[in-house]
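Please keep the sequence and the structure in view while reading.

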Amino acid sequence: QVQLVESGGGLVQAGGSLRLSCAASGRTFSSYDMAWFRQPPGKEREFVATIRWSGVGTYYADSVKGRFTISRDNTKNTVYLQMNSLKPEDTAVYYCAANRRQYGSGWYTNLPDFGSWGQGTQVIVSS
């Protein structure tokens, strides 16, 4: 298992930017695909973006494509989510997650595919 701690959330105006970070503990961080999910107020948790264990290859939800960028630094055991051109509908608690599989080869976007979760960080985008 990987332990995850998110940071970087906050209040931002529409059109602004935020960078979320997720620090992982455990020597095997670099062998897991990582992802960001979010849970808007009163709604279910939804997929945002995922990145390959190697850092080469990313996949995004249509709602954030072109605005958000997921990246990772395996030397720092950290995954990032750069969020630009934020909209009020991006308001949510953002969670990072580690895939259950090591060295995965597919694109996984469903909650059951991920076995480790952080506690979440709140992002509020004002209009």
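Is Tyr59 buried, exposed or partly exposed? At 37% relative accessibility, Tyr59 counts as partly exposed, where buried means under 20% relative accessible area, exposed over 50%, and partly exposed in between (1.4 Å probe, protein chains only). The model is predicted, so local features need pLDDT of at least 70 and side-chain atom pairs count only at pLDDT 80 or more, while totals for chains, interfaces and linings use all residues. Residues are numbered from 1 along each chain as its sequence is written, and side-chain values use heavy atoms, with hydrogens and water left out.

Four strands form an open sheet in the order E1-E3-E8-E7, with antiparallel pairing; strands (E, at least two residues) are DSSP runs numbered from the N terminus, and two of them pair if DSSP finds at least two bridges between them. Strand E1 (3–7) and strand E7 (68–73) are at the edges with a single partner strand each, so one side of each has no neighbour in the sheet. From one strand to the next, the twist averages 15°.

E1 and strand E3 (residues 18–25) run antiparallel and are joined by 5 bridges. Within this pairing, Cys22 in E3 is the bridge partner of Glu6, and Ser7 stands opposite Ser21. In a regular strand the side chains alternate between the two faces of the sheet.

Leaving aside neighbours within four places in sequence, Tyr94 is in contact (heavy atoms within 4.5 Å) with residues including Glu6, Trp36, Leu81 and Met83.

Glu46 forms one with Arg38, the closest N and O atoms being 2.7 Å apart; Arg38 is buried, with a relative accessible area of 4%, whereas Glu46 is partly exposed at 30%. Another joins Arg101 and Asp113 (3.5 Å, N to O). Arg101 lies in strand E9 and Asp113 in the loop between E9 and strand E10 (114–117), so the pair ties together parts 12 residues apart in sequence. Salt bridges that share partners also join Arg38, Glu46, Arg67 and Asp90 into one network.

Finally, the structure holds 7 aromatic pairs. Rings of Phe, Tyr and Trp (its six-membered ring) pair if their centres lie within 6.5 Å; planes under 30 degrees apart count as stacked, over 60 as edge-to-face and the rest as tilted. Phe37 and Phe114 form an edge-to-face pair, 5.2 Å centre to centre with 75° between the planes. Phe37 is buried at 0% relative accessibility, and Phe114 is buried at 1%. The rings of Phe47 and Tyr59 have their centres 6.0 Å apart and their planes at 35°, so this pair is tilted. Ring pairs link Phe37, Phe47, Tyr59, Trp107, Phe114 and Trp117 into a cluster.

Methods
Axes are lines fitted to C-alpha atoms, for helices over the stretch in contact, and angles run from 0 to 180 degrees between N-to-C directions. A salt bridge is a side-chain nitrogen of Lys or Arg within 4 Å of a carboxyl oxygen of Asp or Glu.
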